[in-house]
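I opened this entry to look up the pockets first, then the fold and the charged pairs.

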Amino acid sequence: MASSDKPEIVDRDVKEKEKKDDKDEDKGGFIEKVKDFIQDIGEKIEGAIGFGKPTADVAGIHIPSINLERAEIVVDILIKNPNPVPIPLIDINYLIESDGRKLISGLIPDAGTIHAHGEETVKIPVVLIYDDIKNTYDEIKPGSIIPYKVKVDLIVDVPILGRLTLPLEKTGEIPIPYKPDIDVEKIQFQKFSFEETVAVLHLKLENKNDFELGLKDLDYEI
């Protein structure tokens, strides 16, 4: 027998591995085709029925009340629903942080429903307790102004599309008030008699904050 007529010897393991690789490639290609088909069908259904992804934006941040102990913050979220049916707002996750330090976080479940082809402003009330912040972070000093970032995740349930998460962010600054020093400098009597006494009280107020303070009223007792 000539050398060219010798049978080719192939390792069985190598041959089986090649067959397995071919099957994996065929399988992977088939799965990708199925995914593309499903995505294409979903987009066509979405376009035909008119379902779309809702949009959301932070419309504003308000501080209706602030004093030496706490600050009340209200975050307004404007949500627009382009769909022909109402969509439920399942959960609202929120977080307020300052330079990566968590100040407060929470969850609002079952936050309502957004009407079909409508928009809704959802209000998220948050209360910052200054003592909690100062006890947690020593570097946050009373009287300072700190930056903050509000992070909100809206979880909605849209027909055809399923559950969607709409992430939002907004930044700003908030003061950490510190009570001013008040001292009685002197009492100056202008009139003194058996009928009446008129005196002028001189007070010294020292503002130790990095921002201006307005004097709203003055209560006193003699």
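**Pockets**

I sorted the lining of the largest pocket by class and found 13 nonpolar, 3 polar and 5 charged residues, where Ala, Val, Leu, Ile, Met, Phe, Trp, Tyr, Cys and Pro count as nonpolar, Asp, Glu, Lys and Arg as charged, and the others, Gly among them, as polar. I note that this is a predicted model, in which local features need pLDDT of at least 70 and side-chain atom pairs count only at pLDDT 80 or more, while totals for chains, interfaces and linings use all residues. Residues are numbered from 1 along each chain as its sequence is written, and side-chain values use heavy atoms, with hydrogens and water left out.

The largest pocket has a volume of about 700 Å³ and a lining of 21 residues, with P180, L213, G214, L215 and K216 nearest its centre. A pocket here is an open set of points on a 1 Å grid over the protein atoms alone, where a 1.4 Å probe fits, with protein on both sides within 12 Å along at least five of seven lines, and lining residues have an atom within 4 Å of a point. Grid points are joined across faces, edges and corners, and the volume is the space filled by probe spheres set on the points. Strand 9 (residues 197–206) gives the largest share of this lining, 3 residues.

For the second largest pocket I recorded a volume of about 300 Å³ and a lining that includes I187, F189, T197 and Y220. Strand 9 again supplies the largest share, 5 residues.

**Fold**

I counted 2 helices and 9 strands in the protein chain, taking helices (H or I, at least four residues) and strands (E, at least two) as DSSP runs numbered from the N terminus. Along the sequence they follow the pattern α-β-β-β-β-β-α-β-β-β-β.

**Salt bridges**

I found 8 salt bridges in the structure, each a side-chain nitrogen of Lys or Arg within 4 Å of a carboxyl oxygen of Asp or Glu. D76 pairs with K123, their closest N and O atoms being 3.0 Å apart. D76 lies in strand 2 and K123 in strand 5, so the pair ties together parts that are 47 residues apart in sequence.

E196 forms a salt bridge with K191 at 2.6 Å between the closest N and O atoms. E196 is partly exposed at 38%, and K191 is partly exposed at 40%.

Key:
Buried means under 20% relative accessible area, exposed over 50%, partly exposed in between (1.4 Å probe, protein chains only).
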